[in-house]
Every structure is written in structure tokens, then in C-alpha cells.
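User: I would like to learn how to read a protein structure. Can you take me through one, feature by feature?

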Amino acid sequence: MTQTLADPLAARDHARAQGGTVVQSMPVLPPVADDLPGDVAAADLVWEETIAAGGYATRRLSRGSRLRLIDLDGDACASLLVFNAEMPTERLNVADTVKVQWNAYLGAGKLLLSDMGRVLFSILEDDAGTHDTFCGTSNPATNAARYGEGRNSGAFPSGRDRFLLGAAKHGLGRRDVHPCVNLFKGARIAADGAIVPDVGPFASGRSVILRAEMDVIVVIANVPHVLDPRTQWSVTPLRATAWRGPVTGEEDPIRNATPEGLRAFTNVEDYFRR
């Protein structure tokens with residue numbers, strides 16, 4: 001009779017057979033990276049992980065930390081949720097991120113703002129240029145409609161379900177999964193008001209570096225963009241690297257670039273002055 005993994009002995013044999021398997025899409029413990037910026041000490045590295053296609057990752061990062069995301073093979077989609085780590089009821093507000101900056105298109109120098117008018121992340125560097133503040137992420141129904149399968153345990157998990165898993169690691173639940181931004185996959189508004197996705201695939205190795213302006217929880221889902229027109233599931237691994245860095249100073253050019261941004265940074269500074 002054929003054994004299945006429901007049989008404990010068959011499951012044991014299968015597990016033992018995995019010995020020596022090298023899995024690339026996992027956190028590196030302790031974090032090790034050989035391509036940090038020249039002014040970053042190896043001792044300041046706090047996170048190094050490759051997020052698999054269809055996977056997710058989450059981390060708490062301290063104020064001043066830098067988070068670098070790399071689209072390794074040109075078809076990753078980094079969907080981000082961000083929370084104030086000290087008070088997670090404060091979280092990324094995509095509408096305010098767009099409205100306060102008078103701009104819906106993210107790039108170097110732009111800010112990710114909370115619903116309390118504070119800066120959660122600023123974008124230090126960006127050589128991708130294709131990001132999305134309009135569309136949010138996929139859910140089981142959208143995936144079932146496009147791919148014929150939308151279960152979290154199936155072949156085509158949705159961004160919303162991946163967010164739920166990441167949020168749960170911090171004691172958060174369904175009500176805490178809020179609208180996200182998508183990095184590396186773009187969307188623009190046409191003259192007639194239509195949303196036009198720009199999902200590639202693109203050149204490999206594009207990157208974005210974010211600076212945490214507060215102590216934050218970040219949850220990242222790496223699944224196809226919800227408006228990806230391809231009928232075949234398509235997404236590739238995403239690399240995340242984070243290191244400690246200095247808190248933003250008063251002379252920082254991003255802090256002082258606009259009156260609206262300066263007010264958001266001042267709100268952060270008032271918060272930490274308590």
C-alpha cells in the first residue's frame with residue numbers, strides 16, 4: 001500500500017530525507033552580508049533574508065535603521081504594511097501618504113506617513129521607479145478568479161493572507177491588515193482615470209533603501225501584483241537587508257525638503273520627546 005505523509009512513519013522518513021537541503025529563501029542567522037555600504041559596520045547588520053516567491057517576512061526595526069530591498073530577478077513585488085512598534089494602532093496611511101505630499105508616485109525623498117501625521121519610513125534611495133500607492137494587494141477571491149486557486153495553503157496564496165500571517169507574529173489580527181504600498185511594481189493613473197499597471201518583468205537587481213523614522217514593525221508580502229495581467233502566477237524572490245543607523249538630524253535634506261514633510265518629522269520628534 002502506498003504511504004502518504006498522513007502516516008507518521010512516512011512523514012518521518014520524508015523529513016529525514018530533507019537533511020542537507022539548502023533553502024535559499026530563509027533568514028540568515030546571525031545576519032551576514034558582504035555587500036553593505038562602505039560606512040556600515042558588519043556589527044550593525046540586524047536582518048538578512050531572501051523572501052521566497054509567494055512568501056512573507058516581518059521584523060521590528062529600531063528608529064534610524066535602514067531597510068534595503070532588492071528585486072533579485074526582476075519580478076518581485078514587495079507589498080508593505082508598517083506599524084508604530086510601540087503602539088501598533090498607529091500604522092501606515094496610504095491616503096495621507098499621497099495627500100500630504102501632493103504626489104501619488106513614490107521615489108527617493110518621499111515619505112511613508114502614519115495616520116497620526118508622523119513619518120514611519122523615508123525613502124533614501126530608489127533605482128526602481130515603479131511603485132504603487134493605488135491598488136493594495138491580492139486576496140483569496142482575486143487569486144481564485146485569476147489563477148483558479150486562492151487558498152493560503154495552496155499554490156497561489158494572496159497578499160492579504162500573507163499579511164495576516166506576518167501580523168499574527170506581533171499579536172495583531174485581521175482588523176490590523178490595512179492598505180499597503182507596493183514596491184517594484186507600478187501603477188499610474190491615465191488621463192481618463194484608468195489605473196494602468198506597470199508590472200514588468202524588469203531588470204534584475206533593482207533596489208530601494210528605506211530609513212525607519214520611528215521604531216516600526218514592517219510586514220512584507222512577496223506575491224504577484226493584484227493587477228498583473230498575466231494569467232500565469234509570476235513572482236520572483238525578494239532580498240531584505242537591514243542595519244542600524246543614525247536617527248535623522250535637523251539638517252537632513254529629506255526632512256527639510258517640503259513644509260509638509262518637515263511638519264511630519266517634527267511630529268515624530270515631539271513623539272520621542274515625551
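User: Let's begin with one residue. Where is Phe184 placed?

Analyst: Phe184 sits in the loop between β8 (181-183) and β9 (186-189). Keep in mind that this is a predicted model.

User: Is Phe184 buried or exposed?

Analyst: The cut-off for buried is under 20% relative accessible area. Phe184 has 0% relative accessibility, so it counts as buried. Its backbone deserves a look too. Phe184 is not a glycine, yet its phi is positive, near 85°.

User: Which other residue has a positive phi although it is not a glycine?

Analyst: Trp102 has one, at about 55°. Trp102 also lies in a loop, the one between α2 (94-101) and β5 (111-113). Now check its accessibility. Exposed means over 50%. Trp102 reaches 71%, so it counts as exposed.

User: What about peptide bonds? Which one is cis?

Analyst: Look at omega. The bond from Gly200 to Pro201 is cis, with omega near 10°. Pro201 belongs to the loop between β10 (195-198) and β11 (206-212).

User: Let's step back to the whole protein. How many helices and strands does it have?

Analyst: There are five helices and 13 strands.

User: How does the radius of gyration of the protein agree with that of a compact globule?

Analyst: For 274 residues, a compact globule would have a radius of gyration near 19 Å. The protein has 20 Å, which agrees. The C-alpha atoms fill one of roughly 70 × 50 × 35 Å.

User: What share of the residues counts as buried?

Analyst: Of the 274 residues, 48% count as buried. The protein exposes about 13100 Å². Carbon and sulfur atoms supply 54% of that area.

User: And what do the contacts say about sequence distance?

Analyst: Take the contacts between residues at least 6 apart in sequence. Of these, 74% join residues at least 24 apart.

User: How should I read a whole helix? Why is α4 described as largely enclosed?

Analyst: Count its buried residues. Helix α4 covers residues 159-168, and seven of its ten residues are buried, so it is largely enclosed by the rest of the structure. Among the buried ones are Arg162, Phe163 and Leu164.

User: Which elements do those buried residues pack against?

Analyst: They pack against two kinds of element. The strands are β2 (56-61), β4 (78-84) and β12 (216-222), and the helix is α3 (140-147).

User: Let's compare two arginines. Where does Arg174 lie, and is it buried or exposed?

Analyst: Arg174 is in the loop between α4 and β8. Its relative accessible area is 54%, so it is exposed. Leaving aside neighbours within four places in sequence, Arg174 is in contact with Arg160 and Leu164.

User: And Arg255, is that one buried or exposed?

Analyst: Arg255 has a relative accessible area of 8%, so it is buried. Arg255 lies in the loop between β13 (238-243) and α5 (259-272). Its contacts beyond four places in sequence include Glu250, Phe265 and Glu269. The C-alpha atoms of Arg255 and Phe156 are separated by 40 Å.

User: Last topic. How many disulfides are there?

Analyst: A search of the whole structure finds zero. Cys77 is in no disulfide, and the nearest cysteine sulfur, that of Cys180, is 7.8 Å away. For a disulfide, the two sulfur atoms must be within 2.5 Å. Cys180 is in no disulfide either. Cys77 is buried at 1% relative accessibility, and Cys180 is buried at 3%.

Methods:
Residues are numbered from 1 along each chain as its sequence is written. This is a predicted model: local features need pLDDT of at least 70, side-chain atom pairs count only at pLDDT 80 or more; totals for chains, interfaces and linings use all residues. Side-chain values use heavy atoms; hydrogens and water are left out. Helices (H or I, at least four residues) and strands (E, at least two) are DSSP runs, numbered from the N terminus. The radius of gyration is taken over C-alpha atoms; the globule rule is 2.2 Å times the number of residues to the power 0.38. Buried means under 20% relative accessible area, exposed over 50%, partly exposed in between (1.4 Å probe, protein chains only). Contact means heavy atoms within 4.5 Å. Accessible areas come from the Shrake-Rupley method with a 1.4 Å probe; for residues, only the protein chains shown count as cover.
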